[in-house]
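Reader: I would like to learn how to read contacts and helix packing in a model with several chains. Could we go through one slowly?

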Amino acid sequence: MRAIRPPGIVGAALAAALVLSACTSTTKSGNVAAQADAGPPVRGGSVTVAINTEPTCFDIHVSPQDITASIQRNVFDSLVAEDDQGNFRPWLATSWEVAPDLTSYTFKLRTDVKFTDGTAFDANAVKVNFDRIAAKSTKSQYAASLLGPYTGTEVLDPATVRIRFAKPFAPFLQAASTAYLGFYSPQALAAAGDKLCAGGAQSVGTGPFKFAAHTKGQSLTLENNPAYNWAPTGAGHQGAAYLDKLTFRFLPEDSVRVGAFAGGQVDIAGSIPPVNVKGLEGRADVRILRHDFAGAVYSLFLNTTRAPFDDERVRKAVQRGINIGPNVQSIYFDQYRRAWGPLGSATPSYDKTLENSWPYDPALAGRLLDEAGWTGRDGDGYRTRDGKRLSVQWPSAPAAVREQRDILAQAVQADLKKIGVEVQRPALDLGAFTTNAYAGKYDVLDMSWARFEPDVLRLYFNSSNLPSAGGQNAAWLSNPQIDGWTDSAAATLDRPTRDRLYAQTQAWVIEHAAVVPLYSATTLFATGKQINGLRLDPNAWPLFHDVWSARR
Amino acid sequence: MTATPTADKRRVRIRRRPAPRASVVVALVVLVLFALIGLAPGLFTGTSPIETDPLAALRGPGAEHWFGTDQLGRDVFARVLHGARPSLLLGLGATVFALVGGTLWGLLSALGGRAADQVCMRLADIMLSLPELLLALFVVTLLGRGTVDVMVAVAIAAMPGYARLVRAEALVVRRSGYVEAAAGLGLRRPVLIVRHVLPNAIGPLLVLGTVGFGTSLIYASGLSFLGLGAQPPSPEWGAMLSEGRGFLETAWWIGVFPGAAVTCAVIAVNVAGRHARTRFAGGTAR
Amino acid sequence: MSSAVTPAEPARLPRVLRAVGGRLVAIASVLLGAATLAFAGLKLLPGDPVATLLGPQTTASPAVRAQIRSDYGFDDPVISQYLHYLGELLHGRLGESYQLQQPVSALIAEQFGSTFELAMSALVLAVVIATVSALATAGRRSALRSALGAWELVAVSTPSFWLGIVLLTVFSFRLQWFPVAGTEGVQTLVLPAVTLALPIAGVLAQVLREGLEKALAEPFVVTARARGLGRGAVRVRHAFRHAAIPLLTLSGWLTGTLLGGTVLVEKVFARPGIGALTLQSVNTKDMPVVMGVVLLAALVFVLISQLTDVLYAVIDPRLRKG
């Protein structure tokens, strides 16, 4: 479940590290499509991309969806851009200054930028947009939380704005680099501010593409913005995008999306199921783009406050009683990796020493359960203590299942049955699921959280983020040590200190079996060989400004 | 999705009364076999349907695994056999629930006086104006997901059809001479009607129920296919089909065999139902 | 239902008016009932409507939640919400989707074309297949009949989603005769239409054949034959017309099957349409959209059943006397 978003300030707060420190990023293999023998870029033509989700709301200021930001990134620009190394680069802002107490940020803006409706982009546009995001009537489900303790925007002159916050707000630059804090034309906002969820022609931005057509349930087409000349520093080229047209096709069925790609109906397909990678890779006319997962890997969180998982021995038994490696390997066809810690290997401060430190050991698991007093066996082969079966609840929300997680869960159930633990998986609809989750009515909860930042550990294990407070601490940990480590790491920009604190955190949650990491996903895109210049940003979202097609 | 239309919507009778044919015998044998498999799948396979073996994942059909293995290395043959019970029970439960509910509904309508009749039949009209699958989806939205919820949803969708049939039978009986006569003898009318209606209606109801069983099987597996049904890892045909969907290119057997099982079961039920209908020739409601 | 036309001249106009009025009342009452049922469903939906509306993926603040609550009038008394809902319906407004934040009527209108296209192609296909199958076999005992009969049985008993999966596997993935997805062009329509049509054709063929066999035994067929008409001509010209009547009685079932079937077929073939919209709404508990689809289905059904009544009279003169 990645369904629940980080609560604004809490979640973002110490992404602060990103602001000043150039967080070293692990180099990711193959996140740029190889350009061997491609020749000079060709202008014109169109490209069709098959993706697995259609945004329910296209308004970047309102929607909490990844996919909305991913598509609208092509239509809306941000003040700054974040690169693969976690550095911030000028975009619509040419330079910026951060107040020493982190309560205000002053941006110098470009003066040559125009929205696609002809309106000029200026300080007022920034103010109108940020004020809109913060306004209650906008009903923002995510962007407002990215603005944190926003108090207002001051227009110093047409090309200078100062954004103010009620208290120190370090993660602002990182937030400002996302599409969620992109800019609508003030004219479009005045005309159709309450209808932007529907997307369409009123979504007027400054980006390299502009809206052309949308058929719900089918496709969205963007067309070139010929005036575009303000790509962020570090982009593959300046000036207008190469493509005339960019079409997103919504094909949620895996087999259909892959089939459409294999049959040449689309040029690029996202979310390639691992089962299909080998077959596609074998074809001469196909390239696979991979991007390692950064953030908190897909893990099982064991509710440490509820029997039977209030007993660490039972938690450890479960951790060692699942044959994770072979299952992940066979379900994900060697494309996703078995995880050994709560962070993905591409995340800064990833602790490599945890690898292979807790292998599958059903015998040990059995001994631990014996020690914990679960020595009896009932008719179905499950362990009992005082006549009570060792049974745990792991609720599922079928509507939100992806990446074959339901299948992996069945493997977990089968393995745990072997050591005598019953896993029940009541299927709930999203509403009931969320309610139960926040109320702690579960023994196991599964989640992953994509984010290029180890601060997710604070989101996941700090006691200020208990689900009862709307947070993501699904193991219900309240440990002063963990709180201290994650809080201090979030308050410093010193890399070695952060590494040490985060390593301690990672080791502790594995050692005490608060979490059972399962797999680290890989973002998989398939492109036809005619496609060049496709790049995935640090969020693993595709960027199309530099893309060109050799086939016209 | 389809199924044979409920009999009250098709005013067709078969005139001849054919002798039981080979197909009927085969159908009955298949039904008995399915029932046996449902009762004791262990008699037919020693393999566990939920035990995983990642090293043997996605093997094609062969001597070792007749129907191949799925992505966790589970034996598809064993899963199909063990899936018989939940799948058939889902269809059967829905049918029984619909029959009972529909009978009560129809009797209430026929015997409960004018106002009750109006309310009951208008409600039936409204529900009959909705496609069964849509009605079932609507109910599932309200109830939530799960085996029992799907069963209830399918049953509720089928209920108004049965209600109409029972009401029609009840009215026929009420107007018939012997009831008038018995009423003349001082017996209380409702008692009479229940006593006479039920035996009379039971034939057509059973016929309709058999056909309805086939329909319920299809709808229930459809809802499971849509991810609204059974709880994993219990093998259920519709859910298995849904899981196999992503593997059409690479491992067709995961999805194809459970689907074939549903089809076989429904064919057998339909052949038996059709035979029953000709036996009770004209017993369908009008 | 009474039929409308009568030869009694003086009383004609009022009678027609009364019949038309009666039909309108019947239509309105079913629609009102469906609307009430749908509204009751919305109110019976467990849980906080705002939480349902927002879904789990949100950081909406309490202030935003309160704003939504008042915007949607969730705190008003149920009866006033109901009356407001009916009032909106009278103006053709079906409310606004929780998830998509667009008018439900616009969403449905947008998706209607694709579903209509699919349903109509399937219907035509089914009728053609059924007619050919029935005409070729009625009243004959032959291997062909057994074969076609067996085929019909299988078609009737096969879940359409499974059929769709098999067709996709064979014709799109293996043979690559048809594209896997999309709505552009006739090619993309073939497999979904066949999937939806085959089970329906199976039922239609059975009903048609029974009707044909019954008709072929009627005296007028003997008369026609005696007048020297050929066997085939009798079949097509007289008996078939007769046999088509039972088909009409199936129209309600047909509508339902086509509409319900699109939910699964659109899912399997990843086609946009009313069915896909319904499924999405059921999954996200987007009740206003589910209600809209329910109303649409009821409307289509009553319109078709009224139309059927009229058609009876047209096809079978005997029924005109009422």
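Predicted model: local features only at pLDDT ≥ 70, side-chain atom pairs only at ≥ 80, totals over all residues.

Reader: How many residues of chain A are in contact with chain B?

Author: Two residues are in contact if their C-beta atoms, placed from the backbone, lie within 7 Å. Here 23 residues of chain A touch 23 residues of chain B.

Reader: Which elements of chain A give two or more residues to that side?

Author: Elements are DSSP runs numbered from the N terminus: helices (H or I, at least four residues) and strands (E, at least two). The elements in question are α8 (254-262), α11 (324-331) and α13 (405-418) of chain A. The largest share, seven residues, comes from α13(A).

Reader: What is this side of chain A made of, by class?

Author: Ala, Val, Leu, Ile, Met, Phe, Trp, Tyr, Cys and Pro count as nonpolar, Asp, Glu, Lys and Arg as charged, and the others, Gly among them, as polar. The side of chain A that touches chain B has 13 nonpolar, six polar and four charged residues.

Reader: At what angle do α8(B) and α9(B) pack?

Author: Axes are lines fitted to C-alpha atoms, for helices over the stretch in contact, and angles run from 0 to 180 degrees between N-to-C directions. Helix α8 (residues 237-244) of chain B packs against α9(B) at about 155°, with the axes 7 Å apart. That makes α8(B) roughly antiparallel to α9(B), a label for angles over 145 degrees. Residues in the contact include B:Trp237 and B:Met240 of α8(B) and B:Ile254 and B:Pro258 of α9(B). By class, this contact has seven nonpolar, three polar and one charged residues.

Reader: Where do α9(B) and α6(C) meet?

Author: B:Thr263, B:Val266, B:Ile267, B:Asn270 and B:Val271 in α9(B) meet C:Leu153, C:Val154, C:Val156 and C:Ser157 in α6(C). The axes of α9 (residues 253-279) of chain B and α6 (residues 143-157) of chain C come within 8 Å and cross at roughly 120°. This contact has six nonpolar, three polar and no charged residues.

Reader: How many helices and strands does chain C have?

Author: Chain C has 13 helices and zero strands.

Note on methods:
Residues numbered from 1 in each chain as written. Chains lettered and ligands numbered in written order. Parallel < 35°, antiparallel > 145°, perpendicular 65-115°, else oblique.
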